Amino acid sequence: MTRPLQAQIDLSALRHNLGVARVHAPQSKVMAVIKANGYGHGMLRVARALEAAEGFAVLNVDEAMALREAGFNQTILLLEGFFSADELPILAEYRLASVIHCLEQIEMLEMAGLPVKIEVFLKLNSGMNRLGFRPEALVAALQRLQAARAVGRVTLMTHFACADEAQGVAAQLACFDSLATGLDAPRSLANSAAILRYPQAHGDWVRPGIMLYGSSPFADASAASLDLKPVMTLTSAIIGLQELQTGEAVGYGAAFRAEHPMRVGIVACGYADGYPRHAPTGTPVFVNGQLSRTLGRVSMDMLCVDLTGIPGAGIGSPVTLWGEGLPVEEVARAAGTISYELLCALAPRVPVAEV
Ligand SMILES: *Cc1c(COP(=O)(O)O)cnc(C)c1O
């Protein structure tokens, strides 16, 4: 018998979630964000399922080249642009679009002799203060790009810091709109949270990430309430059973101690698989069709679950760590993180099955 841990990737859920993005932003083209190996789901697998998207956004040239070589003809955007001038010939050859967020990148483009023009997304720092030109520097940057022989279409872009929070997008959107109004350029602003909550921020290209994978970007709204379907379901099984006596402990550090006699199941999944080691006792887990909780510390290859009230559970009983029936956001919340981190952290050693 092989180790029972497996990640199931539901391709029809991916397509469904793309449809949800389109319902919210019917006038916009979709740039499906598939960085970080498609948020842990497999970049090419996700791209194939989402081939109806008008574009894909990735982090680096290697990912973009792999997409082109796999036959995708859509716009492919490098979210941080190129990092050095020696990447520019590859951008030209593979027709990659580049975010431009700093003057150094503009200088490199001005110096480059390229056979074709590079499409660029000029990034405004509208308040997040991570990447991008400050408002007072944007127009000059745009003019230099428009004058550069190596540059093709320029789209104006910004990224929201608080679209998923109470603060919202108002100040950043006002900043962007005050500059973009009167400039004849396409626009791209919205991540998943802005797609779902701020139609005034949709623009020409929306950039959904987490919603495509079926997870809610909001702490105060479940994925189901947004009509999003989970794409990744991480399942395993019980591989060991222990009967704890009162006062006995389980796992490293003896971090959980039984207050009365109880049955404990040992599950084949640990932090080397991407399960968060910081998940404390009480993190939700689905065991043999019932909601239960983890106990004690997560080990490298195993974790422990409470079998109290699940008398039918034994060796081989199915366990769902997250996904169908147990939203990944709930596991993330218990572990003090967000669903993005759990999905991205799925380890390469976990076998994947497409369903
Ligand atoms: C990752 C990313 C997105 C997608 O964000 P989600 O919250 O996952 O929808 C959009 N735009 C940029 C610039 C990003 O880096």
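1. The largest nonpolar core holds 118 residues, and L109, L122, L321 and W322 have the most contacts inside it. A nonpolar core here is a set of buried Ala, Val, Leu, Ile, Met, Phe, Trp, Tyr and Cys residues joined through side-chain atoms within 4.5 Å; buried is under 20% relative accessible area, exposed over 50%, and partly exposed in between, with a 1.4 Å probe and protein chains only. Helix α1 (residues 11-24) is the element that gives the most to this core, with six residues. Domain 1 (11-215) and domain 2 (232-354) both contribute residues, so the core lies between them.

2. On the basis of the model: this is a predicted structure, in which local features need pLDDT of at least 70, side-chain atom pairs count only at pLDDT 80 or more, and totals for chains, interfaces and linings use all residues. Residues are numbered from 1 along each chain as its sequence is written, and side-chain values use heavy atoms, with hydrogens and water left out. Helices (H or I, at least four residues) and strands (E, at least two) are DSSP runs numbered from the N terminus, and domain bounds come from an automatic or database domain assignment.

3. W322 is in contact (heavy atoms within 4.5 Å) with M232, T233, L234, G274, Y275, P276, V328, V331, L342 and L343, leaving aside neighbours within four places in sequence. A second, separate core has nine residues, among them A258, M262, V264 and L295.

4. The largest pocket contains about 960 Å³ of space. A pocket is an open set of points on a 1 Å grid over the protein atoms alone, where a 1.4 Å probe fits, with protein on both sides within 12 Å along at least five of seven lines; lining residues have an atom within 4 Å of a point. The volume is the space filled by probe spheres set on the points, which are joined across faces, edges and corners. Of its 38 lining residues, Y39, H159, N191, I338 and Y340 are the closest to the centre.

5. Helices α2 (35-39), α9 (192-197), α10 (328-334) and α11 (339-344) each supply at least two residues of that lining, and α11 gives the most, with four. The lining divides into 21 nonpolar, seven polar and ten charged residues.

6. Helix α10 supplies the largest share, four residues.

Key: Nonpolar A, V, L, I, M, F, W, Y, C, P; charged D, E, K, R; others polar.
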